[in-house]
Amino acid sequence: MPALAGLWCVAALFAVGILGLVFGRSRAATTLVYGASLAITLAALALALAFLIGDGRPSSLTLPLGLPWIGAHFRVDALAAFFLIVVNLGGAIASLYALGYGQHESSPLRVLPYYPVFLGAMNLVVLADDAFVFLLSWEFMSLVSWGMVVAHHRIPANVRAGYIYLVMASFGTLCLLLAFGVLAGIAGEYSFAAMRSMPLTQSLALIAGTLTLIGAGSKAGIVPLHVWLPLAHPAAPSHVSALLSGVMTKVGVYGFIRIVFDLIGEPTPYAGLIVAGIGGVTAVLGVLYALMQHDIKRLLAYHTVENIGIIFIGLGLALAFRANSIGWAAALALTAALFHVFNHSVFKSLLFFGAGSVLVATGERDMERLGGLIHRMPHTAFAFLIGCMAISALPPLNGFVSEWLTFQAILVSPQLPQWGLKLVIPAVGALLALSAALAAACFVKAFGVMFLGRPRTDAAQAAVEVDDWQRAAMLVLVALCVLAGVLPGLVVDALAPVAHMLVGDAMPQQTFLPWLSIVPIAKSRSSYNGLLILLFLAGSATLTAMTIHRFATRATRRSAIWDCGFPLASPSAQYTSSSFAMPIRRVFGASVFRVREIVDMPPPGAMRAGHFQVRVFDPAWFALYGPLARAVRRAANFLNRLQFLTIRSYLTLVFCALILLLLVVAAWR
Amino acid sequence: MALILELAGQALQMAIVVAIAPLLLGISRKVKARLLMRIGPPLLQPYVDIWKLMHKEMVLAYNASWIYRITPYVVFAVTWVAAALVPTYCTNLLFSWSADLIVIVALMGTARFSLALAGMDVGTAFGGIGSSREMLIASLAEPAMILIVFTIALVAGTTQLSTIAELFTHAPVGLRVSLGLAMLALIGVAVAENARIPIDNPATHLELTMVHEAMVLEYSGRHLAMIEAAAALKLVLYFSLIACLFFPFGIATIDRSPAALTVGLAAYLFKMLILAVLLPIGETSIAKMRVFRYPIFLGSAFAAAALAVFLLFVSRGF
């Protein structure tokens, strides 16, 4: 019974959380909590993997908990099993990392009790099979993670981040609550099985879908609901940031897929258009904001927004194809999206771990105060480099495979009969290409400024390599990035049951193709072989190096840098993060951001230093949330008057309300 | 036996692209010099340059990391693999199916990523300026390139280069507006990617105008030789791409007889020669652009490709 086993894992995680609360002050508690979390999530991971690869018959379970006339329903099917893998893989490796990283925590009691409970809550969301359990665990997951976001609550920015997170999370849950209200219908059936079987009218499906997009999308981070991510994710300790960014956003994606693909049923084709369009815009805006950041953890959080956009492009395409009954193309698009879910959880965790290790080694998150770390932290640098290459979608790593599959799905779009889709989807493809290219620029900047060049501060100069636990966690993820990149067929085949369940079709089986290449549609159409490309690259690089070493001279002289003859000794003469992003800021910034560059150049002869300051504003704030907050305040001020009326006016109001309600009831009948 | 022949065919392509790369560069330089009323270097000068650089002592900064040291090999290897996967004299070589057009575009991204990191490695201002601008150009060129891929894929129904070349040689595709626009766009992208005028000038070392040269400013000796060779190879890659997509005539397809292969080889070399002559003619008739004009140039390439895609959606006949 995988559902029961999953629940036992959740219970065990909750128990570890209580242990953390009790023993949080003792020195061994860190090792105990993270070690236990590692063991439990590994067990859950093994169970989920066995389920997905094995026979995969859905297993369900009803417990007499929760609302007395409903009970609590739990179920494991292919979709849930895949997301259990993502959650528990992320959780296991974050626990491994935290075995080392957690020792540096200044206030362990604010993290240790929450951490395992957070993992358990994410598992519970995926296991839930009725609206009540789903919403309860969804809200629980938000609250527990909020606890870790404000773990370092003496920093004012973190408290503000926590507040915004709380507001956005409640708003999202509210939308989901309403979506479930629509799905439950007049009869008020809260179990997913009943919702699945109930047919919806077109307009109700549209309302429920929109509410889900807002509710689950705010957790996942689609533009313009992304504003809490770059504030909240960096505020938490780094292993929790990795979970928030790499895993919890995926639970948001899970919520979207579960409700829209599984519960709502038949979509209209234009639903796919909306989702894919939002995905494209999210991808480009996310990466553009990321490029403007110089706090590494905030940069990574903005990058999550980009990747969520890529995932939603795939999901939108899958919806559009499914609505037109082009099953094989829907399976391709869905597989691409799910593959990217997996990939993103792997490399985003890796990058956050790298950022955390840098934070441990130097105490700095600001990239402009780092530099040259590749010499002092070689293993971290290597791992971070692989993460950067994977997220930039460079072959032969894993990020490329999912983007390639997404492109293949986009190229099928001429088969769609709707004109709107035909015209928009190529534009989405161009947005996807733009975001991939900008992501490469962004990670050249991140890696180049942090790890290459000369150290910009004493802290960067004095960095030392981190402990074995942290390095082990990063190297496991590096291995996963490479393996999923060169053997993508295995992942695609593992995703087949999920695609089958959601769109009724799956991609052709890949594992036994010659040379282990992947062929999404037909061999004459497109194929890719990561393994062969990797071998080719290795072979030709070796051949080149051997040729050079055979024929060229080996004479090498070490010297100071040349720099066209005018090297400046000060490391501040190097390119910084903001100078690297300057051309892109110039080109895209005028239209997308409200960039303010303040140049303070003293007149000749003045003795004070010059200043240059760049301030970049996220347009979501001034275009959407600012006016919204002002409107709420105005409305509240206006309604404030109602508090100071005479008893006569109150009685009149009550009477009017009564009449109005009676009229409504009369009209309804 | 058949497998050995197939392997030989693939190896021949790998050898050809490397062998002719410096020659094409030499031809381009010679033609350009003649157009400027100079005599110009001998045709074989690029070979001599690479050989000379290989035998020069290499100067390495104290703080150069392993990234700086492996980048020349990585860039060369990646470009070489990409160039080996574009059909040149014959389609459907042994490994041609291991990558389609999108993969080849992405492989060039890998090379660029590595080179841009190397530019930032020793911590000089010039390296940073080069890397930053290179990534700007890439972020403008890549969407245009993907729309070109879309255009081709809409006409041919595939992104596999060999299949495209076979289709365009045999099937009556005809003269199409969309393909013409896509070719214009690809030429624009190729000019930008190969650091040619009007985007960049391979002959300049004026600090404020250089992009590619700024990134590799610190390189010397055998590393520089590799980088120069890789740059020449990249030019061949884009020439081959243009030839394979828009002028595939002569290429050996189903008929693999020695005669057909010879014709394919001759046709390929002829096409490369033509392109190597056309490039400097284009370069001398236009002025170098300011950095913040690049978006206009690459935006036109993007617009041409986008127009091609939309025309195809209006009617498959375009």
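Chain A is divided into two domains: domain 1 covers 268-534 + 577-601 + 608-617, and domain 2 covers 620-669. Taken over C-alpha atoms, the centres of domain 1 and domain 2 of chain A are separated by 46 Å. Keep in mind as you explore that this is a predicted model. Chain A also meets a partner, with 73 of its residues in contact with 71 residues of chain B.

**Helix pairs inside chain A**

- Let's start with helix α13 (residues 327-362) and helix α16 (residues 398-411) of chain A, whose axes come within 8 Å and cross at roughly 160°.
- Because of that angle, α13(A) is roughly antiparallel to α16(A).
- The crossing of α13(A) past α16(A) is left-handed.
- On the α13(A) side, the contact includes A:Ala329, A:Leu332, A:Phe339, A:His340 and A:Phe347. Among their partners in α16(A) are A:Asn398, A:Val401, A:Leu405 and A:Gln408.
- Sorted by class, the residues of the contact of α13(A) with α16(A) are ten nonpolar, eight polar and no charged.
- Now look at helix α10 (residues 238-264) and helix α12 (residues 296-323) of chain A, which pack at an angle of about 20° with their axes 11 Å apart.
- An angle under 35 degrees counts as roughly parallel, so α10(A) is roughly parallel to α12(A).
- α10(A) and α12(A) make a right-handed crossing.
- From α10(A), the residues A:Ser241, A:Ser245, A:Thr249, A:Val253 and A:Ile257 take part, and they meet residues of α12(A) including A:Lys297, A:Leu300, A:Thr304 and A:Ile311.
- The contact of α10(A) with α12(A) has seven nonpolar residues, four polar and one charged.

**Where chain A touches chain B**

- The side of chain A that touches chain B is made up of 46 nonpolar, 19 polar and eight charged residues.

**A helix pair across the two chains**

- The axes of α21(A) and helix α3 (residues 66-85) of chain B come within 8 Å, crossing at roughly 125°.
- This angle is why α21(A) is described as oblique to α3(B).
- α21(A) passes α3(B) in a right-handed crossing.
- Residues of α21(A) in this contact include A:Ile533, A:Phe536, A:Leu537 and A:Thr544, while α3(B) contributes B:Tyr73, B:Phe76 and B:Trp80, among others.
- Twelve residues of the contact of α21(A) with α3(B) are nonpolar, two are polar and none is charged.

**A closer look at A:Val76**

- You will find A:Val76 in strand β2 (residues 72-76) of chain A.
- Is A:Val76 buried or exposed? A:Val76 counts as buried because it has 28 C-beta neighbours inside 10 Å, and 20 or more is enough for that label.
- Leaving out residues up to four places away in sequence, A:Val76 touches A:Pro2, A:Ala3, A:Gly6, A:Phe51, A:Pro58, A:Ser59, A:Ala81 and A:Leu127.
- A:Val76 and A:Leu213 are 137 residues apart in sequence, and their C-alpha atoms are 23 Å apart in space.

- In chain A, the peptide bond from A:Pro395 to A:Pro396 is cis, with omega near 10°. A:Pro396 is found in the loop between α15 (378-391) and α16 of chain A.
- Chain B has a cis peptide bond joining B:Ile197 and B:Pro198, with omega about 15°. B:Pro198 belongs to the loop between α7 (177-193) and α8 (212-215) of chain B.
- A:Ser325 is not a glycine, yet its phi is positive, at about 55°. This serine is in the loop between α12 and α13 of chain A.
- A:Ser325 is exposed, since 12 other C-beta atoms lie within 10 Å.
- A:Asp563 is not a glycine either, and it has a positive phi of about 55°. The loop between β3 and α22 of chain A holds A:Asp563.
- With 18 other C-beta atoms within 10 Å, A:Asp563 is partly exposed.

Terms used
Residues are numbered from 1 along each chain as its sequence is written. Chains are lettered from A and ligands numbered from 1 in the order in which they are written. This is a predicted model: local features need pLDDT of at least 70, side-chain atom pairs count only at pLDDT 80 or more; totals for chains, interfaces and linings use all residues. Axes are lines fitted to C-alpha atoms, for helices over the stretch in contact, and angles run from 0 to 180 degrees between N-to-C directions. Helices (H or I, at least four residues) and strands (E, at least two) are DSSP runs, numbered from the N terminus. Angles under 35 degrees count as roughly parallel, over 145 as roughly antiparallel, 65 to 115 as roughly perpendicular and the rest as oblique. A crossing is left-handed if the near helix is turned anticlockwise from the far one by less than a right angle, and right-handed if clockwise. Two residues are in contact if their C-beta atoms, placed from the backbone, lie within 7 Å. Ala, Val, Leu, Ile, Met, Phe, Trp, Tyr, Cys and Pro count as nonpolar, Asp, Glu, Lys and Arg as charged, and the others, Gly among them, as polar. Domain bounds come from an automatic or database domain assignment.
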